[in-house]
Amino acid sequence: MENSNLLVGLDIGTTSIKAVVADSGKVIGAVTTPNSGMRHGQIVDIDQTAAAISRALKSVAEKTNAKIYSVVAGIPVGMLQLETATGFSNVGEQGQEVNNDDVKRAIKSAIHSAAKDNREAITFLPSRFLIDGKTEVDDPRKMIARSLGVSGILLTAPTGPLHNIKKAIERAGYHNNFFVPTPLAISSVALNESERTFGSVIIDLGGGVSTATVIKDGQIKYANIDLEGGSDITNDISTVLSISKSDAEQIKLDYGYADPNFASKNDKFAINSVGANGQQMIDEVYLSEIINARLEQILTRLGKGLAKHHALKQPGGIVITGGTSLLEGIDSLTANGLNVKARIYQPDQIGMRNPIYTAAYGIVNYSYKMSEIDYLVNGVIYGFGESVAEEPVQTKSSKISKSTASNSESQAKEAYNRNKIPDEDTSSRDKKDNNQEKTNGLKSFFKKFFD
């Protein structure tokens with residue numbers, strides 16, 4: 001399948017890799033494969049992680065009949081750091097129309113102003129642009145200005161762990177076009193506009209890490225990370241019942257409940273315990289009590305952090321997702337334990353009705369809905385659509401690599417022509433309407449994902 005509207009979202013999780021392919025925003029395929037190269041959200045073996053990424057992307061490529069060369073990967077909230085940033089660029093002493101280059105210079109200035117050692121920019125979220133120091137606008141392009149200012153939030157990640165993610169994707173044989181903050185990706189699908197605006201908490205119960213993120217005004221306001229997740233519940237079951245981890249994981253999925261009140265002592269299942277003579281019968285209540293003990297610890301720790309920051313009063317309540325949210329009763333356990341309203345979110349697309357896919361689905365949804373200003377931000381950070389002489393923005397610690405690395409002039413020009421976001425001169429832009437310009441920008445953007 002050759003289609004410039006295809007996007008591939010990659011969620012690199014502790015226990016599994018999830019890949020979702022979407023065509024014009026509509027999901028056409030999703031897969032998950034086990035990952036043994038990470039612990040508690042951190043890569044501990046690049047080769048094993050790369051092998052898991054390769055299996056996931058090859059599988060989803062076969063499933064969708066697509067040729068995959070590059071992806072968009074998520075960055076978990078535990079790696080993110082938020083900084084306020086402001087920037088400035090001169091447009092023209094006599095005043096002239098603001099164009100893409102003017103906007104990019106202001107964004108680059110803002111990113112430089114907030115850059116810190118050993119951290120790299122993931123994205124910049126402009127909150128406002130300022131024309132001539134007095135007029136606030138959302139999109140300054142085509143407006144007459146002498147100067148342009150911008151302020152917003154810069155999201156960065158530590159250089160070392162980020163390098164490991166890039167290297168794992170590279171060793172798998174693919175290129176990462178840019179990164180998306182996972183909490184914002186999840187909020188784009190799990191929350192409605194009102195919940196994103198007035199405030200909600202997303203609890204993502206993953207395999208190795210559990211997180212609670214406050215989203216308000218469309219931005220991350222607070223995050224709390226707990227280094228335990230579904231794999232710790234599986235380990236508990238394995239230890240208490242003296243069974244293998246694979247058996248423990250299976251009975252957790254088949255018979256486990258987050259809340260023992262949902263289980264029944266009359267419903268039993270057989271296990272083969274190490275050292276036991278023959279099979280033993282275990283009831284669902286006993287299993288669910290093992291599960292519940294660990295879950296209550298996780299939720300209590302997350303809840304304390306939320307309460308300390310007065311985040312449990314959000315109008316949108318708590319939205320729970322991630323693989324561990326499959327355990328029945330997790331919503332009532334959360335609601336009763338934290339005294340808030342809570343609900344579970346999972347994608348409703350055919351073939352992806354499982355909360356394990358929420359982040360990967362959110363990544364493609366978030367990417368597809370990015371504005372042209374967002375494209376320009378990524379152009380500054382990752383090197384899309386810039387002139388040959390320009391460099392992507394650098395942090396204090398290291399330079400962020402171009403989308404298509406090149407040393408020769410001919411290769412650079414080829415990358416420029418393929419990835420460039422259209423930036424016409426004033427006379428030609430006056431001849432075209434805004435819709436046509438946006439269409440060209442989208443086509444140019446999507447071509448970077450598939451040859």
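Two strands are taken to pair if DSSP finds at least two bridges between them, and in that sense Leu-10 has Ala-73 of β6 as its bridge partner. The model described here is predicted, and the points below cover an open sheet of 5 strands with the order β3-β2-β1-β6-β13, another open sheet of 5 strands with the order β16-β15-β14-β19-β20, the crossing of helices α7 and α8, and the surroundings of Leu-312.

**The sheet containing β1 and β6**

- The pairing in the sheet β3-β2-β1-β6-β13 is mixed, and its edge strands are β3 (26-34) and β13 (175-181), each of which pairs on one side only.
- From one strand to the next, the twist of this sheet averages 25 degrees.
- Strand β1 (residues 6-12) runs parallel to strand β6 (residues 70-75), and the two are joined by 2 bridges.
- Helix α4 (residues 182-190) lies across β6 and β13, and its direction makes an angle of about 70 degrees with β13.

**The sheet containing β14 and β19**

- Pairing is likewise mixed in the sheet β16-β15-β14-β19-β20, where β16 (219-226) and β20 (342-344) stand at the edges with a single partner strand each, so that one side of each is left without a neighbour in the sheet.
- The twist of this sheet averages 20 degrees from one strand to the next.
- Strand β14 (residues 200-205) pairs with β19 in the parallel sense over 4 bridges, and Ile-202 stands opposite Val-319 in β19.
- Helix α9 (residues 330-338) lies across β14, β19 and β20, running at about 160 degrees to β20.

**The crossing of α7 and α8**

- The axes of helix α7 (residues 245-255) and helix α8 (residues 284-308) come within 11 Å and cross at roughly 110 degrees; angles of 65 to 115 degrees count as roughly perpendicular, and α7 and α8 are therefore roughly perpendicular to each other.
- The crossing of these two helices, α7 and α8, is left-handed, and the contact is made by Ile-251, Lys-252 and Tyr-255 on the α7 side and by Glu-284, Leu-287, Ser-288 and Ile-291 on the α8 side.
- Sorted by class, the residues in the contact of α7 with α8 are 4 nonpolar, 1 polar and 2 charged.

**The surroundings of Leu-312**

- Leu-312 is placed in the loop between α8 and β19 (318-321), and, when residues up to four places away in sequence are not counted, Leu-312 touches Gly-303, Leu-306, Ala-307, Ile-318, Leu-338 and Val-340.
- Although Leu-312 and Val-214 are 98 residues apart along the chain, their C-alpha atoms are separated by 9.2 Å.

Technical notes: Residues numbered from 1 in each chain as written. Predicted model: local features only at pLDDT ≥ 70, side-chain atom pairs only at ≥ 80, totals over all residues. Heavy atoms only, no water. Axes fitted to C-alpha atoms, helices over the stretch in contact; angles between N-to-C directions. Parallel < 35°, antiparallel > 145°, perpendicular 65-115°, else oblique. Left-handed = near helix turned anticlockwise from the far one by under 90°. Contact = heavy atoms within 4.5 Å. Nonpolar A, V, L, I, M, F, W, Y, C, P; charged D, E, K, R; others polar.
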